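Please keep the sequence and the structure in view while reading.

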Amino acid sequence: MSETTALHALFGGTFDPIHFGHLRPVEALARQVGLQQVTLLPNNVPPHRPQPEASPAQRVAMVRLAIADLPLFHLDERELQRSTPSWTADTLAELRAERGDQQPLAFIIGQDSLLSLHKWHRWQDLLSLCHLLVCKRPGYATQMENARQQQWLDSHLTQDARALQRQPAGLIFLADTPLVAISATEIRQRRQHGQSCDDLLPAAVTAYINREGLYSQ
């Protein structure tokens, strides 16, 4: 592709609950690479982690509340319609079919996911479907596990954000995003111990969690 086309970015997760550790690095990423919209994809049956404590409806409600005043973000509920595991490659293939072969697509992951990407279902297909935008995560290595994986990473790396808009897929961009040391696990543990989480997630989400009595047992 010789002309630049607006890059569409996707960000999947359990969002149990959604918090500033999800939102703030992605907002910084959007400024860095010029994203106009990021589509959040809550998953129903996460293949790599325990099942969510909140129901799909509750997690969708929390996402809606979190992004109500953030026009960067858009919600896509397609993965919640599935009873099977939310394989990223399958979702990306579906989105690629909808948006065409030439639309630049990117999937946002954390450094932790990059390091374990070789364990994902059909991971070798991912870069034929999208770019990967990698956000920093506190406490994780910056090098891949072995020389072969590092060679794979190096062969796809770009430092040119504009290159992400000139081709539909195939590049990996390591973003200089803030290290936000917040996890949903920490929030659930704080709730169980009756501790405040006001500094970890949007006020509207906190109010919803309180109304629903989530994560308190």
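Is Arg122 buried, partly exposed or exposed? With a relative accessibility of 33%, Arg122 counts as partly exposed, where buried means under 20% relative accessible area, exposed means over 50%, and partly exposed covers what lies in between (1.4 Å probe, protein chains only).

The model is predicted, and local features therefore need pLDDT of at least 70, while side-chain atom pairs count only at pLDDT 80 or more and totals for chains, interfaces and linings use all residues. Residues are numbered from 1 along each chain as its sequence is written, and side-chain values use heavy atoms, with hydrogens and water left out.

**The sheet and its helices**

Six strands make up an open sheet with parallel pairing, in the order S3-S2-S1-S4-S5-S6. Helices (H or I, at least four residues) and strands (E, at least two) are DSSP runs numbered from the N terminus, and two strands pair if DSSP finds at least two bridges between them. Strand S3 (73-75) and strand S6 (172-174) stand at the edges with a single partner strand each, so one side of each has no neighbour in the sheet. On average, and with direction ignored, neighbouring strands of this sheet are turned by 30° against each other; axes here are lines fitted to C-alpha atoms, for helices over the stretch in contact, and angles run from 0 to 180 degrees between N-to-C directions.

Strand S1 (residues 8-13) and strand S4 (residues 105-110) run parallel and are joined by four bridges, with Leu10 standing opposite Phe107 in S4. Helix H2 (residues 56-67) packs on the sheet, where it touches strand S2 (38-42) and S3, and the direction of H2 makes about 155° with that of S3. Helix H3 (residues 88-99) also packs on the sheet, touching S1, S2 and S4, and its direction makes about 155° with that of S4. Contact means heavy atoms within 4.5 Å.

**Nonpolar cores**

A nonpolar core is a set of buried Ala, Val, Leu, Ile, Met, Phe, Trp, Tyr and Cys residues joined through side-chain atoms within 4.5 Å. The largest such core has 46 residues, and those with the most contacts inside it are Ile18, Leu35, Val38, Leu40, Met62, Ile108 and Leu133. Leaving aside residues up to four places away in sequence, Ile108 touches Ala9, Leu10, Phe11, Val26, Leu29, Val38, Leu133 and Cys135. Another core, of 22 residues, lies apart from the largest one and includes Leu41, Ala89, Leu127 and Leu132.

**Salt bridges**

Side chains of opposite charge can pair when their charged atoms come close. With a salt bridge taken as a side-chain nitrogen of Lys or Arg within 4 Å of a carboxyl oxygen of Asp or Glu, a search of the whole structure finds 15 of them.

| Asp125 | Arg122 | 2.8 Å |

Asp125, the partner of Arg122, is partly exposed at 29% relative accessibility. Arg122 itself is placed in the loop between helix H4 (111-115) and helix H5 (126-129), and its phi is near 55°, a positive value in a residue other than glycine. Glu186 and Arg190 are four residues apart in helix H8 (residues 184-192), which means that about one helical turn separates them. Glu186 is partly exposed, with a relative accessible area of 24%, and Asp199 is partly exposed as well, with a relative accessible area of 48%. Elsewhere, a network of salt bridges links Asp76, Arg78, Arg82, Glu94 and Glu98.

**The loop between S1 and H1**

Asp16 has its place in the loop between S1 and helix H1 (20-33) and counts as buried, at 4% relative accessibility. A polar atom of the Asp16 side chain lies 2.7 Å from the backbone nitrogen of Glu53. Not counting residues up to four places away in sequence, Asp16 touches Pro52, Glu53, Ala54, Arg59, Ala184, Arg188 and Tyr215.

Asp16 is joined to Pro17 by a cis peptide bond, with omega about 5°, and Pro17 is likewise found in the loop between S1 and H1. Phe15, in the loop between S1 and H1, has a phi near 55°, a positive value in a residue other than glycine, and Phe15 counts as buried at 2% relative accessibility.

Note on methods: A polar contact is a pair of N or O atoms within 3.5 Å; within protein, one must be able to donate a hydrogen and the other to accept it, and residues adjacent in sequence count only if both atoms are side-chain atoms.
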